[in-house]
Amino acid sequence: MRKVIKASVVLTMNKAAEIYKPGYVVVDGNRIVEVGKGEPKLGPDDELVDFTGKLLMPGLINAHAHTPMVLTRGMCEGVSLFTMDGFLNTLRRFEKYADSDMAAMTSPCNLAEMIRMGTTCFADQYFYADRIFKATDEAGLRGLICYGIVELGDEEARKRETARCEAFLEMCQRHPFIRGWVGPHAFFVDNSLDLIEIEKNLAKKYNTGFHIHFATSNEENDYCMAHYNKSAVTMMKELGILEVPILAAHAITVSEEDMETMKGFPFTPVMAPTSSMKSGFPAAPVKAYRDHGINVALGTDNLCSSSADMFGEMATGAKLVIHREHDVKAITAFDMVKMATIDGAKAIMMEDQLGSLENGKLADMIALDLSDPGWVPFCGQDYYTQLVYWVSGMSVTDSMVNGRFLMRDRKLLTIDYGKVASDVEKATAELKRRMGE
Ligand SMILES: [Zn+2]
């Protein structure tokens, strides 16, 4: 049965950035088969979904997350997670006591908060890919889950982990809405050249990409200059890594010269504005990337550093770019909505499938209540400005992924938030017990 969704406002994010007031979207199975303005015509077997009083738009794409890390939300205060000290003495210390069962108990909570606040697709970067896969499958969210490989110079570990990574990528190929990616924690610094070659070949074989942290504080560059007398980006080009799509979280310390090298390759810096600010680090040079024609996406990073609210990240990201450049025209609200939708889709190689409401695309969309605070005056306003600066993810009322509703009228349909919140409490209490606190 087709679902015919009519709404007071349909924000398409198509190439012409068309907005229909009112408009409708017709969904057949997991695909959008029609988008139009005015009132829809209903067939005898069509189901009408009436979103009068709501704005319908593409679901948001969170291009950098670590879903199990809700385990330690609130436990990393006063620590910069971008420094080696914060990374080794805080995160790694927690992770030494954590295990895959804890990841299974905590991921669903982050997924629930994503659905609640308008994210329909996310790219995850963590250990325990199989447990995150299962949680994502049950939640019904579209996920790009990367298999993180850690070798630390151990040849046996390299063989074992690359075999497991390949099995994971193989399994993801058969899933209707989850894709597997390859997740080196960081090139060069903790991945040897041998492993990088294996990872590159795996990504190419499975037509997937890399999800990495990159140029947070120039560590790869310092390493490559010291060892090869070349910048990290030059090394990546010479090793053929840039030919593989890359989601590069943070990408703060990239020079304009390196931007010239990387433009034209499927390399997407992912800005995580709240995470950068909370860790005391500068904003990514988003304006310079965009001026070089490099695609930029948006992510929340971990829930120790930010909330799951991508609307909040759009607002913070816009203000941070403007603040960095001392230029109110450095980025527009429309640019920020693009970063969270169609540019995110481009980053994950799904531009032809996601990121806008258009015929033939996958049916991932969200609705927001136009009577919520932040929408008045309704006449003459720019919807993008309102979405970025005045509305939060809590205004999202409905969420659809792959043609299936995951939330209706603010009620989660695939996750029991009470249960998953209780699971996080239990997992965190157990973690603290193991740490002797
Ligand atoms: Zn991260």
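Reader: What makes α11 and α14 roughly perpendicular to each other?

Author: In this predicted model, the axes of helix α11 (residues 310–325) and helix α14 (residues 383–390) cross at roughly 95 degrees and come within 7 Å. Angles of 65 to 115 degrees count as roughly perpendicular, and the crossing is at roughly 95 degrees. The two helices are therefore roughly perpendicular to each other.

Reader: Which residues make that contact?

Author: On the α11 side they are Phe311, Met314, Ala315 and Ala318, and α14 brings Leu387, Val388 and Tyr389. By class, the contact of α11 with α14 has seven nonpolar residues, no polar and no charged.

Reader: Why are α2 and α15 called oblique to each other?

Author: Here the axes of helix α2 (residues 100–116) and helix α15 (residues 417–434) come within 8 Å, and their crossing is at roughly 140 degrees. An angle over 145 would count as roughly antiparallel, and one of 65 to 115 as roughly perpendicular, with the rest oblique. A value of roughly 140 degrees falls in that remainder, and α2 and α15 are therefore oblique to each other.

Reader: Is that crossing left-handed or right-handed, and what residues meet there?

Author: The crossing of α2 and α15 is left-handed. From α2 come Met102, Met105, Thr106, Pro108, Cys109 and Ala112, and they meet Tyr417, Val420, Ala421, Asp423, Val424, Lys426, Ala427 and Leu431 in α15. This contact of α2 with α15 divides into 11 nonpolar residues, one polar and two charged.

Reader: How do you know that β1 and β5 pair?

Author: Pairing needs at least two bridges, and strand β1 (residues 3–11) is joined to strand β5 (residues 47–58) over seven bridges, in the parallel sense. One of the bridge partners is Leu48 in β5, which goes with Val4.

Reader: In which sense do β5 and β14 pair?

Author: β5 and strand β14 (residues 365–369) pair in the antiparallel sense, over five bridges. Across this pairing, Leu56 stands opposite Ala367 in β14.

Reader: What makes the bond from Lys21 to Pro22 worth a look?

Author: Most peptide bonds are trans. The one from Lys21 to Pro22 is cis, with omega near -5 degrees. Pro22 lies in the loop between β2 (19–20) and β3 (23–28). A cis peptide bond also joins Val376 and Pro377, with omega about -5 degrees, and Pro377 is found in the loop between β14 and α14.

Methods
Residues numbered from 1 in each chain as written. Predicted model: local features only at pLDDT ≥ 70, side-chain atom pairs only at ≥ 80, totals over all residues. Helix = DSSP H or I, 4+ residues; strand = E, 2+ residues; numbered from the N terminus. Axes fitted to C-alpha atoms, helices over the stretch in contact; angles between N-to-C directions. Parallel < 35°, antiparallel > 145°, perpendicular 65-115°, else oblique. Contact = placed C-beta atoms within 7 Å. Nonpolar A, V, L, I, M, F, W, Y, C, P; charged D, E, K, R; others polar. Left-handed = near helix turned anticlockwise from the far one by under 90°.
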